Amino acid sequence: MKTIVKTIVYVIAAGILFVALLVILGRLLEPFLDDRRADIERQASALLNVPIKINNVDFSWYGYQPEINLNDVVVFKKDSQQPALEIKKISIVFSMLKSLWHWRLLPSGIIVSGTEITVSESAAGEFSIHGFPTIKTQQPLQAETKLTDVMGWLALQPRLLLENIDIYYTPASGKKMFVTLYDFNLINSD
């Protein structure tokens with residue numbers, strides 16, 4: 001019994017040391033992350049399946065999971081390279097256990113924070129999304145994105161949290177509506 005308690009204490013101590021090392025490592029890597037922004041843009045573009053441009057990058061924790069914050073992000077359309085979205089912050093949360101098991105960084109979720117969306121419905125019943133003015137332009141982007149394209153991208157993400165997203169909706173009838181998603185959590189499973 002005494003050896004079991006001793007083993008448990010050692011495991012807990014090792015866990016605390018491991019977490020402390022991760023926190024220290026995160027703080028040491030933070031200046032390095034912004035210097036490697038171009039590489040992170042390429043990796044994030046591959047992860048999100050769309051080209052993106054990032055203003056700056058930092059590191060923080062989401063509960064007990066590390067996250068990389070991509071600040072002032074512009075997402076471009078895949079086919080035309082036109083800006084499609086402007087987002088104040090995208091946080092990519094990584095699963096420590098899965099990442100250690102597979103020996104590579106594996107995301108457990110994406111948090112999208114702070115943007116405005118205008119959704120409109122045409123007379124034919126098609127939905128489109130216009131502009132996301134939050135970073136530089138303060139005007140909606142003129143290009144539009146089909147709702148089906150956005151939904152297809154959302155369906156590819158393992159876990160998506162939308163925070164502080166203002167949605168302006170104009171149906172074909174013309175009566176405008178407004179809603180804010182303060183904390184919308186979408187989990188996709190196989």
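Select leucine 70 to begin: not counting residues up to four places away in sequence, Leu70 touches Ile40, Ala44, Ile52, Ile54, Asn56, Val57, Lys88, Lys89, Ile90 and Ile92, where contact means heavy atoms within 4.5 Å. The model is predicted, so local features need pLDDT of at least 70 and side-chain atom pairs count only at pLDDT 80 or more, whereas totals for chains, interfaces and linings use all residues. Residues are numbered from 1 along each chain as its sequence is written, and side-chain values use heavy atoms, with hydrogens and water left out.

Together with Leu70, Ile52 has the most contacts inside the largest nonpolar core, a group of 27 residues. Such a core is a set of buried Ala, Val, Leu, Ile, Met, Phe, Trp, Tyr and Cys residues joined through side-chain atoms within 4.5 Å. Buried here means under 20% relative accessible area, exposed means over 50%, and partly exposed lies in between (1.4 Å probe, protein chains only).

Colour the contributing elements in turn. At least two core residues come from each of α2, β1, β2 (65-76), β3 (83-94), β4 (107-121) and β7 (159-170). Strand β3 gives the most, with 6 residues. These elements are DSSP runs numbered from the N terminus: helices are H or I of at least four residues, and strands are E of at least two.

Now turn to the charged side chains. Side chains of opposite charge can pair when their charged atoms come close. A search of the whole structure finds 3 salt bridges, each defined as a side-chain nitrogen of Lys or Arg within 4 Å of a carboxyl oxygen of Asp or Glu.

Select glutamate 41 and lysine 53, whose closest N and O atoms are 3.6 Å apart in a salt bridge. This pair links distant parts of the chain, 12 residues apart, with glutamate 41 in helix α2 and lysine 53 in strand β1 (residues 52-62). Glutamate 41 is buried, at 13% relative accessible area, while lysine 53 is partly exposed at 42%.

Salt bridges with shared partners join Arg36, Asp39 and Arg42 into one network. Select aspartate 39, which counts as partly exposed at 24% relative accessibility. Arginine 36 forms a salt bridge with aspartate 39, with 2.2 Å between the closest N and O atoms; arginine 36 is partly exposed at 38%. Finish at arginine 42, which meets aspartate 39 in a salt bridge of 2.2 Å, N to O. Both residues lie in helix α2 (residues 37-48), 3 residues or about one turn apart, and arginine 42 is exposed at 52% relative accessibility.
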